Amino acid sequence: MPRLSQWIIRAALIYLLLGITIGALLLAHKGVALHPILWAWLPAHIEFLLMGWIVQLTLGVAFWILPRYWQQLRRPNEGYAQAAVVLLNVGIWLVVAGTTFRAGAWVLFAGRLAEMAAVLFFAAHAWGRVVSREGA
Ligand code: HEM
């Protein structure tokens, strides 16, 4: 497994831990009131588990497993994949800042923009790896 995938999957596992911990606290809070501020962490729970865990794990495995260039056995445009990971993580924390920490609508918007840019960068990396090379 390439080094980048290892780092992405490690990061995804940390988000899984954070997201499930918040989820467990929220669940417990429904039975026994723990602290009124806990519901503010629901957006962080969602962001960590959907973007931090599911999307990030997908990117990590995709970077590893998609076909590599025919005969060259290297992954093209690795820098785009690295940029995608940075943008995704910056986006996640901006979204959490804009929701849970009430940093403002523009922070939330910037976070979503960063996440969209992450998707575009990863697509730019992966495009050449999913194009048919038959007849090449
Ligand atoms: C991959 C795993 C998970 C994902 C993607 C996920 C995602 C979500 C989403 C999208 C919501 C908002 C639902 C809504 O507003 O209708 C939510 C709410 C919630 N989640 Fe999770 N979740 C996950 C795992 C967990 C786990 C493991 C726990 C508990 C240990 C948990 C506890 C909760 C609680 C208590 C709520 C609030 C429910 C309510 O509004 O009454 N979640 N989750």
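This report describes the helices of a predicted model, the contacts between them and the shell around the ligand.

## Overall architecture

The chain contains four helices and zero strands. In sequence order the pattern is α-α-α-α. Along the principal axes, the C-alpha atoms occupy a box of roughly 65 × 30 × 20 Å.

Of the 136 residues in the chain, 29% count as buried. When contacts between residues at least 6 apart in sequence are taken, 71% of them join residues at least 24 apart.

## Packing of α1 against α2

The axes of α1 and α2 come within 8 Å and cross at roughly 155°. An angle over 145 degrees counts as roughly antiparallel, and α1 and α2 are therefore roughly antiparallel to each other. The crossing in which α1 passes α2 is left-handed. By class, the contact of α1 with α2 comprises 19 nonpolar, seven polar and no charged residues.

Glycine 19 is a residue of helix α1. Glycine 19 counts as buried because it has 21 C-beta neighbours inside 10 Å, where the cut-off is 20 or more. Leaving aside residues up to four places away in sequence, glycine 19 touches His45, Phe48, Leu49, Gly52 and Trp53. Histidine 45 is 26 residues from glycine 19 in sequence, yet the C-alpha to C-alpha distance between glycine 19 and histidine 45 is 4.8 Å.

Helix α3 covers residues 78–99, and the axes of α1 and α3 come within 11 Å, crossing at roughly 15°. That angle makes α1 roughly parallel to α3. The crossing of α1 and α3 is left-handed. On the α1 side the contact is made by Leu4, Ile8 and Ala11, and on the α3 side by Glu78, Ala81, Gln82, Val85 and Asn89. By class, the residues of the α1 contact with α3 are five nonpolar, two polar and one charged.

The axes of α2 and α3 come within 10 Å and cross at roughly 175°. With that angle, α2 is roughly antiparallel to α3. From α2, the residues Pro43, Ala44, Glu47, Met51, Gly52, Val55, Gln56, Leu59 and Phe63 meet Ala81, Ala84, Val85, Leu88, Ile92, Val95, Val96 and Thr99 of α3. The contact of α2 with α3 divides into 13 nonpolar, three polar and one charged.

## The shell around the ligand

The residues around the ligand are Ile20, Gly23, Ala24, Leu26, Leu27, Leu42, His45, Ile46, Leu49, Leu50 and Trp53. Helices α1 (3–31) and α2 (42–65) each supply at least two residues of this shell. The largest share, six residues, comes from α2. By class, the shell has nine nonpolar, two polar and no charged residues.

The shell around the ligand includes His45, Leu49 and Trp53.

Note on methods. Residues numbered from 1 in each chain as written. Predicted model: local features only at pLDDT ≥ 70, side-chain atom pairs only at ≥ 80, totals over all residues. Near = placed C-beta within 6 Å. Nonpolar A, V, L, I, M, F, W, Y, C, P; charged D, E, K, R; others polar. Axes fitted to C-alpha atoms, helices over the stretch in contact; angles between N-to-C directions. Parallel < 35°, antiparallel > 145°, perpendicular 65-115°, else oblique. Left-handed = near helix turned anticlockwise from the far one by under 90°. Contact = placed C-beta atoms within 7 Å. Buried ≥ 20, exposed ≤ 12 C-beta atoms within 10 Å, placed from the backbone.
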